[in-house]
Amino acid sequence: MNVSLINKDSVRGLIHLEIEKSDYEAAVDKSLRSIRQKANVPGFRKGMVPMSMIKKMYGKHVLVEEVNKLVSENLYKYINENNLSVLGEPLPSIIEPSTVDFDTQENFVFNFDIALAPEININLSKEDTLPYYEIKIDEDMLNKQVEAYTANFGSYEKVEEIEEKDLVKGTIAELENGTPKEGGIVVENAIIMPAYIKDEEEKAKFIGTKINSVVVFNPNKAFNGNEAEISNLLHIGKEQVAELTGDFSFEIKEITRHKNAELNQELFDKVFGENVVTSEEEFKNKIKEALKEQLEPQSDYKFLNDAREVLVKKVGELKFADDILKRWLLISNEKNTEENIDKEYPRIIENLTYQMIRENLVKTNNLKVSDEDINDFAVRVAKAQFAQYGMLSVPEDVLNNYAKEMTKNKQTLQNIAERAIEEKLAAWLREQVTIDVKEVSADEFAKLFG
């Protein structure tokens with residue numbers, strides 16, 4: 001077998017494969033002998049069918065299968081051994097078509113068009129300046145986080161009189177002429193929260209009402225005819241809601257109020273662990289540290305976005321084998337059409353350019369991630385997820401086990417590995433260029449993506 005590369009230009013190539021009978025003959029014979037041993041042909045005992053008959057029945061099919069296998073194996077072997085940076089996949093050549101006739105030929109020639117990645121050269125120095133946005137943890141953000149923890153670790157208490165944010169439990173009954181309707185809707189242990197009642201007049205009927213009282217209200221008016229809310233409250237199908245425009249009674253049997261936790265040692269211990277912090281000042285400082293850690297990935301993400309523009313500009317306009325790439329895009333997805341490929345192609349090339357730049361920087365600067373790096377990143381992801389629920393003192397063994405479970409999923413593992421690489425790339429870039437640190441509020445930071 002002979003495999004060679006013919007360069008058409010700097011970004012186009014043709015891989016030429018010549019396959020002779022001696023390359024596939026033994027494999028074809030072996031496959032036919034295996035078929036003969038298993039073949040059930042009327043008039044012959046199993047394994048005793050004449051080889052000439054087997055060749056006649058299965059010869060061409062086996063030949064095609066073995067030759068195609070040879071082509072595939074040697075095509076990709078050649079690409080890998082010669083470190084060819086191929087974009088997309090090799091395609092049967094339309095410039096120099098293969099000459100293959102399995103009925104008349106013993107030797108075959110296969111030609112494949114390939115799109116080669118253009119050469120990339122990137123030179124960075126301290127003369128290059130990039131902004132790095134640090135999100136300022138101001139008093140408002142800090143106080144909101146403190147409020148979230150006091151709410152998360154709060155408690156519920158029974159009260160006698162309804163306030164807007166209370167949870168009210170009781171019995172709902174459909175009324176007719178001011179009295180319970182015979183055969184009408186009755187819901188035991190119904191739950192309503194005045195805060196979610198949309199109509200102010202209906203809401204006011206509940207506010208200030210005491211336990212064991214009865215409120216007469218109109219659910220349709222209270223919730224502006226919202227099918228989902230009314231059907232959920234009355235335990236009926238959404239299709240019935242439109243028919244129910246009358247009044248209902250609500251007998252109040254229980255009023256529950258949420259009470260935020262106090263800023264004391266008990267709360268400090270619940271959030272950060274026993275005696276990790278012992279004062280309100282330490283508590284708030286610890287929250288600042290946690291917020292900073294949670295926000296840093298967002299700053300890195302923005303930094304890489306800004307770096308992308310600089311890197312793409314430095315590389316300049318690259319030449320691509322547009323004809324081959326467009327043909328590959330058309331073949332690789334049956335939903336694609338020539339029209340939508342032409343429309344999306346500039347965006348595809350833009351993304352491809354940055355992907356190549358990124359891979360070039362990672363490769364040339366040996367920015368590898370180890371299993372330990374991936375595990376550490378997964379632990380941080382786990383920690384951030386727990387932190388969203390106010391759990392900042394999760395034991396290390398729990399975090400490690402959670403991280404291990406996450407990385408059992410191949411897609412999750414790949415995503416974490418990609419993010420770990422990006423983190424290393426961001427750190428490397430910060431060392432190469434001059435960083436202009438800009439402290440911004442969370443709102444200002446969000447507007448940067450507008």
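Tutor: Happy to! Leu304, Arg308, Leu311, Val312 and Val315 in α8 meet Glu350, Asn351, Tyr354, Ile357 and Leu361 in α10; contact means heavy atoms within 4.5 Å. Helices (H or I, at least four residues) and strands (E, at least two) are DSSP runs, numbered from the N terminus. This is a predicted model, where local features need pLDDT of at least 70, side-chain atom pairs count only at pLDDT 80 or more, and totals for chains, interfaces and linings use all residues. Residues are numbered from 1 along each chain as its sequence is written, and side-chain values use heavy atoms, leaving out hydrogens and water.

Student: At what angle do α8 and α10 pack?

Tutor: The angle is about 95 degrees, with the axes of α8 (residues 280-315) and α10 (residues 338-364) 10 Å apart. Axes are lines fitted to C-alpha atoms, for helices over the stretch in contact, and angles run from 0 to 180 degrees between N-to-C directions. The two helices are therefore roughly perpendicular (65 to 115 degrees).

Student: Switching topic, what's the strand order in the open sheet?

Tutor: Its 4 strands run β1-β2-β4-β3, with antiparallel pairing; two strands pair if DSSP finds at least two bridges between them. The edge strands are β1 (2-9) and β3 (86-92), each pairing on one side only.

Student: And which helix packs on that sheet?

Tutor: That's α2 (residues 51-81), which touches β1, β2 (12-19), β3 and β4. The direction of α2 makes about 135 degrees with that of β2.

Student: How many bridges join β3 and β4?

Tutor: β3 and β4 (residues 108-116) pair over 4 bridges in the antiparallel sense. Leu91 has Asp113 in β4 as its bridge partner.

Technical notes: Angles under 35 degrees count as roughly parallel, over 145 as roughly antiparallel, 65 to 115 as roughly perpendicular and the rest as oblique.
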